[in-house]
Amino acid sequence: MKVTIDNITLEVEPGTTIMQAARMIGPEVAPPAMCYYEPLKGSGGKCRACLVKVTAGSEKDPRPMPKLVPACITAVQDGMIVENTVNEQVLETRKGIVEFLLLNHPLDCPVCDQAGECHLQDFSFEHGVSSTRTVEDRNTFEPVDLGDNIKLNMNRCILCYRCVYTADQITDGRVHGVMHRGDHAEISTYIEKAIDNDFSGNVIDVCPVGALTDKTYRFKSRVWFSKPMDAHCSCDKCSGNVTLWYRGDEVIRVTGRKNEWGELKEFICNTCRFDRKKTSDWTIEGPTNVSRHSVISANKYGAGLIRPAFPIAQAARDYKLIDDDRDRSFLTNQASLPAKK
Amino acid sequence: MKILTQHIDVPGIETIDVFMKNGGYKAVEKAIKTMTPDEVTEEVKKSGLRGRGGAGFPVGMKWSFLAKPEGVPRYLVCNADESEPGTFKDHYLMWKTPHTLIEGMIVSSFALGANTSYIYVRGELMYVINILEKAIQEAYDKGLLGKNILGSGYDLDLFVQPGGGAYICGEETALLESLEGKRGNPRNKPPFPAVKGLWQSPTVVNNVESISATSWIVNNGGDAYAAIGVGRSTGTKLISASGHIKKPGVYEIPLGITVEEFIYSDAYCGGIRDGHKLKAVVAGGSSVPILSAENILTTEAGEKRLMTYESLSEGGFATGTMLGSGGFIVMDETTCIVHNTLTFARFYHHESCGQCSPCREGTGWMDKVIKRIETGKGRMEDIDLLVDVAKKIEGNTICPLGDAASWPVAAAIRHFRDEFEWHVTHPEEATKPGAVYMRPGASWTK
């Protein structure tokens, strides 16, 4: 099947979603995903961050789709033409989505453990506007302990449902879900019952924001001060493949290994996550390949930004270029776009 | 011309004997004994009957989309979760003549080949549920439901399921989730219910009024039904009229009468209450755009507006609205549009399921901003902010609740912007109890 995304055509298997196809091309054209999580069945379609414009439905029926469609759950058709970063409506809508997600978000990044590896931070940095239009009070909740090792801060939650799917699909005897509705909906366990399960700690890793955090790591360090190392151990419950987060000689945190989209490759057990915090527990493999979702990657918020053609064209149209000797090579630099396959 | 409410005032019509004496259940006999399921579907297609729940999608076409794989059960689900503010027709119909719906359910289930069907009733209507259950028992006793109906070999079981009273469960996929016993969150589409609906089986979800109309269509033929009405708006429609009119209530109208006739004729609303003038109308339940008096009575082209799907939507959202579910709310000049919009916005804020972000956050935001304007703390830029928020919700959500929440706000500002501005510029006057802005030289009609 042929699909064209942002003028790049590629061949994919039937049943591939637009998101998967775009990710094959690379991060420059992949739509952002706040709720979609490939390892979790049924996730996606909720945050609306990945809405894209389909300008031609398929070879057979080349009409454009009337509404923007979520890339994460829409399967590609043969001959489909998709516009993501080159479509004004898509970028405008995405600004709106950032605004909606931040509307009741406390913006407490300075004291949040997730800061630096937070998908919402990245999303708003890349797609949002720098000002706010809201003067309303934000909805607030009290922080809750879910068992000994997990802290739930509902204020930060964006209701992506990832932890609900995790609790549903990889732990048994689910006691974790969503209560109430609308903007007063909250993640909750049945009458605040502790999550007590060997794999419950994975809800921390799947959480895109700082709503679910690791109590053994809380306030110990900032992400960008720590050094991630791949390591493994022989564990009888899980694969034992993890990432150790070092500060100096000390293992301050253990997480699962994530791919370049910030998704877990394998779910790990709570023993590995919370109890094995000595270097002697592990066999070190080497430094982790840092994902694009981490501030640890060099100059994350400076270089290598996605520079879609549309805003550049708009700038050229609406603004005069000031004649000075600043470096503007990025405007025409095509290096950030992937080589055609 | 009355089809659904023809015998509604006959004493004892809620019992099966009186109902059958008045010609009830003839359609079941006719359909099951003399027709094939495809013939019934064909008649419904011919009738041009359109979904009465709000969207107005042709019922026959919806039925023909139903996937029919071998060995997989099919379901018919009746959406009786009527919770749109301003709409109360299904409630009235089920309460007065429950057998009209049950007869329609049997005929429709037969046409679709469904052996199990459900009526999902809004939870607040417990007494209606009791009436329906009693009526269903009567139908079982007469052999009109259950195994081998009228000796034809066709089996049908009919169940009534009370909902929990959530507005969102009137959305068809949320209804199916709720019916399955889960949290009533709308599903992502595709797959549509016609392919994967209830318990992942092909399912048709229809409104009470649509299903009830099918038995008359079987009895009298699709062409007879199509003869009523104008153009693609065929048949009769129940309109729930409320607000500042002399005779609020449920009226069955042949589609195609003028809006003016509906408001002012003694056969229907009987006009605006004495000494007052028409200011605005919400023509199809709270989620359709509100229109000012001038726009609701005449179209942009200067023609009289008719009570049809097409005529009401003429002029797009700039000057038109929608027939929707037929919740006709009439407001006279004592109504504050800002307050009215706040009421609607608060409702959608409360009823958003919270699954997708534009609706979850946007409805709450609009509610809070309008609340500020209404209480005299608004800023001029808030009005444009509301328009922008509404625009960003519309079309970007999983289900139509986002659209339903944004349309009334956007329309109120489109047609009554001066009223919002007055609230901002005259906060002291605007917050006095009962204060209403009068447009200079207001020409609210009659």
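**Entry 1: a sheet in chain A**

I began with chain A of this predicted model, where I found an open sheet of four strands in the order β13-β12-β11-β14, with antiparallel pairing. I noted β13 (250-256) and β14 (283-287) of chain A as the edge strands, since each of them pairs on one side only. From one strand to the next I read an average twist of 35 degrees. I then followed one pairing through this sheet: strand β11 of chain A, residues 227-232, is joined to β14(A) in the antiparallel sense over four bridges, and within that pairing I located M229(A) opposite P287(A) of β14(A).

**Entry 2: the domains of chain A**

I looked up how chain A is divided, and the domain assignment gives domain 1 (2-98) and domain 2 (104-287). The centres of domain 1 of chain A and domain 2 of chain A, taken over C-alpha atoms, are separated by 27 Å. I then asked how many residues of each domain are in contact with the other. I found 17 residues of domain 1 of chain A in contact with 19 residues of domain 2 of chain A. On the domain 1 side, the largest share comes from α2(A), with three residues. By residue class, I recorded that this side of domain 1 of chain A divides into nine nonpolar, two polar and six charged residues.

**Entry 3: chain A against chain B**

I turned next to the contact between the chains, where 25 residues of chain A are in contact with 23 residues of chain B. Which element of chain A gives the largest share of its side? I found that helix α2 of chain A, residues 88-103, supplies six residues, the largest share of the side that touches chain B. So that I keep the two entries together, I note again that α2(A) also gives the largest share of the side of domain 1 of chain A that touches domain 2 of chain A. The chain A side facing chain B divides into twelve nonpolar, six polar and seven charged residues.

**Entry 4: the domains of chain B**

Eleven residues of domain 2 of chain B are in contact with ten residues of domain 3 of chain B. Strand β10 of chain B (residues 290-292) gives the most to the domain 2 side of this contact, with three residues. I recorded seven nonpolar and four polar residues on that side of domain 2 of chain B, and no charged ones.

**Entry 5: strand β1 of chain B**

I ended with strand β1 of chain B, and asked why it is largely enclosed by the rest of the structure. Six of the six residues of β1(B), residues 75-80, are buried, so the strand is largely enclosed.

Methods:
Residues numbered from 1 in each chain as written. Chains lettered and ligands numbered in written order. Predicted model: local features only at pLDDT ≥ 70, side-chain atom pairs only at ≥ 80, totals over all residues. Contact = placed C-beta atoms within 7 Å. Nonpolar A, V, L, I, M, F, W, Y, C, P; charged D, E, K, R; others polar. Buried ≥ 20, exposed ≤ 12 C-beta atoms within 10 Å, placed from the backbone. Domains from an automatic or database assignment. Pairing = 2+ DSSP bridges. Axes fitted to C-alpha atoms, helices over the stretch in contact; angles between N-to-C directions.
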